[in-house]
Amino acid sequence: MRIIARAIVLAATIAPSANAQTLGELTDSLRMAVQRYPSPVVAAWGKKLDSLAQIIEEKRARDLTLDQATDAVANRSPTFVNVARLRRVSNATADKLPANFTNGLQEVGNNLLTEIENAGVAAKTVEPLFTPVIALQKKLENADFARAESRLNRYDIKYGPSSPALNGVEVILNYALQFVPLPFDSPSPIELVASYSPTGATASSAQWRSFRLIANTRVGVRVYDFDRKANTKSLVESLRPTYYSLGYTGIADLASGALPDPLHSNWRPGGFVGLGSLYLAYTGVRGKQLVFGRNGPILPYLF
Amino acid sequence: MAIPDPIQHDWPADRALLLVHGIGNAAPGDYAPLEQRLAEILAPAKKPYAIYSLYYDYLNDWFAGKEQVGTLNEALRGELRKNISRDFSTAVDFIGDVIWPVLLNDARLAVQMALRRQLLQMVADARRSGINNPGQMHISIIAHSLGCFHTFETLHSMCADPQCAITPARSRLQFDNVIFMASPVGLIGEVGGWIRTAVPQSGNLWSFRRPYTMPSEPSMIGGNVDYAKRTVAITGKLDPVGGYFFNDRWDAAYMDISVVANDVQIDDPQTPLNINSAGDLEAILAQSLRDHAPPDISDRHPHSWNGYVDRHATELLQWLDV
């Protein structure tokens, strides 16, 4: 019994607790590993560990959690929202830790573990000592996986089957837009709109018989809402549009006929807003006109 | 539509293989026969493999539907025909199929993200199977055709990304083998160079940078750690996608990896295909073409992935049985 009790005490002093989640505990456990498994390569990594541990002491960052250290990597992307500080950064971790600090800890920890295992120490023996390193590596992998999922969801929203198809002019405009440096990670939430629709609906009074179709052109931008979940089961969420649009509109005269020339100059200028596939266009030129319609090509490749 | 989840497997040992397909309309499960064939080839190995396939054609379908890729492709083929001699006119159709991702930045990056997610899933599967250290995970990749381009670009972009969790120096994850079969990387680099001013963010494309190198990451204690312990490029001498036209190598369009450490470069004579003249080859290539669809690649076709695997079964076992 005494032997078992002593073994438990020994294990408790050697191996950090399974829920060790702070940078201080991580560096302590690595220092222990460096002492227990000496070799020239381990010593080289031990020197790097000392440098990192010194930074932790200087910055008084021992109590920072592994989650905070992971966030420091996740929030380092120079996107517009990060630069503008629109995204919440937890506990000012990024201010406390130098750039690449978490990556440095990750590298030192994983290399020490691999070197010791490659030297013939069984994983079962050495890995309890590396519990915080393994936890940090796993958190970084989970964060990376979540980022990849999020990016794929964005591509789904912008390019998936429920996204608005582009007409020929929009394909060319948006191809050209790729050459414009924009402060967004791929995919950009911005898309150019250049649409011609002969099927907008308008009315001159509240009577059904006054409804008629009217042509309009629209030039502007479409902005995708990447926070909207593309495949949500929530009814409220599913009603929320995945994109909005606004810009210039040209509305035909009522007397213009069914398919007026889109390049003709006789369009009445105004503005439009769009929610999802629906848009509302308005002009006050040569009489007030409100037009309601649906985005999307009627004839493939044309408009 | 729902984005397909990455493939998940339990690892039977400490090793796994990822297959990255090329042009085609592959649906999940379509490469099961190839996985089965590879499982047979690897059966004598010391440890069994978990075999994964990356299916990403749903992404190509998105972009084809939204951006009218067919139209872009036709315009591109017209441009290529001006630059390529009549003898190789049939090959232009294959070049068109592999070159279009360079024109659409998001199309390329979306596939890279799907591949990265699959690799992260494989690492998560390894953990679930009891392997906690990425440095002890033995992962190999076999890519074919356009899959080589996506693999090559993805590995470079992952290695250069400080947010990537599984880089070689930081996580110690190194691929045992990255095997390119019928790679169009050289072809894309050469043909893309002709239209470089029309390629958005061309500076980010590693396929445009010669000589071809594999990604590596500087270590904190000095030196560089390679992402791949062994890099293999197998190019069929009858396969236009790899830069060959009936045994005639177009050097500028060939994926030369001779400067890569631990490289294996094989120019496969493809003798068992029994194609004895340029006319025979032209006929086989022409027969495989379909309107508004990727080519139909039969087993006798010089671009067939099954053919590459079968002809190099012995070497595959040797490379993967680490």
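Modeller: Residues are numbered from 1 along each chain as its sequence is written, with chains lettered from A in the order in which they are written. The model is predicted, so local features need pLDDT of at least 70, side-chain atom pairs count only at pLDDT 80 or more, and totals for chains, interfaces and linings use all residues.

Biologist: What makes Ala110(B) a contact of Leu152(A)?

Modeller: Two residues are in contact if their C-beta atoms, placed from the backbone, lie within 7 Å. Ala110(B) touches Leu152(A), Tyr155(A) and Leu59(B), not counting residues up to four places away in sequence.

Biologist: How many residues does each chain give to the contact?

Modeller: Chain B gives 39 residues and chain A gives 48. On the chain B side, α5(B) has the largest share, 12 residues. Helices here are DSSP runs (H or I, at least four residues), numbered from the N terminus.

Biologist: Why is α7(B) called mostly covered?

Modeller: A residue is buried if 20 or more other C-beta atoms lie within 10 Å of its own, with C-beta atoms placed from the backbone. In α7(B), residues 185-194, seven of 10 residues are buried. Among them are Val185(B), Leu187(B) and Glu190(B).

Biologist: What makes a set of residues a nonpolar core?

Modeller: Its members are buried Ala, Val, Leu, Ile, Met, Phe, Trp, Tyr and Cys residues, joined through C-beta atoms within 7 Å. The largest has 115 residues, and those with the most contacts inside it include Ala110(B) and Met181(B). α5(B) gives the most to this core, 12 residues. Apart from it lies another core of nine residues, including Phe272(A) and Tyr279(A).

Key:
Helices (H or I, at least four residues) and strands (E, at least two) are DSSP runs, numbered from the N terminus. A residue is buried if 20 or more other C-beta atoms lie within 10 Å of its own, exposed if 12 or fewer, and partly exposed in between; C-beta atoms are placed from the backbone.
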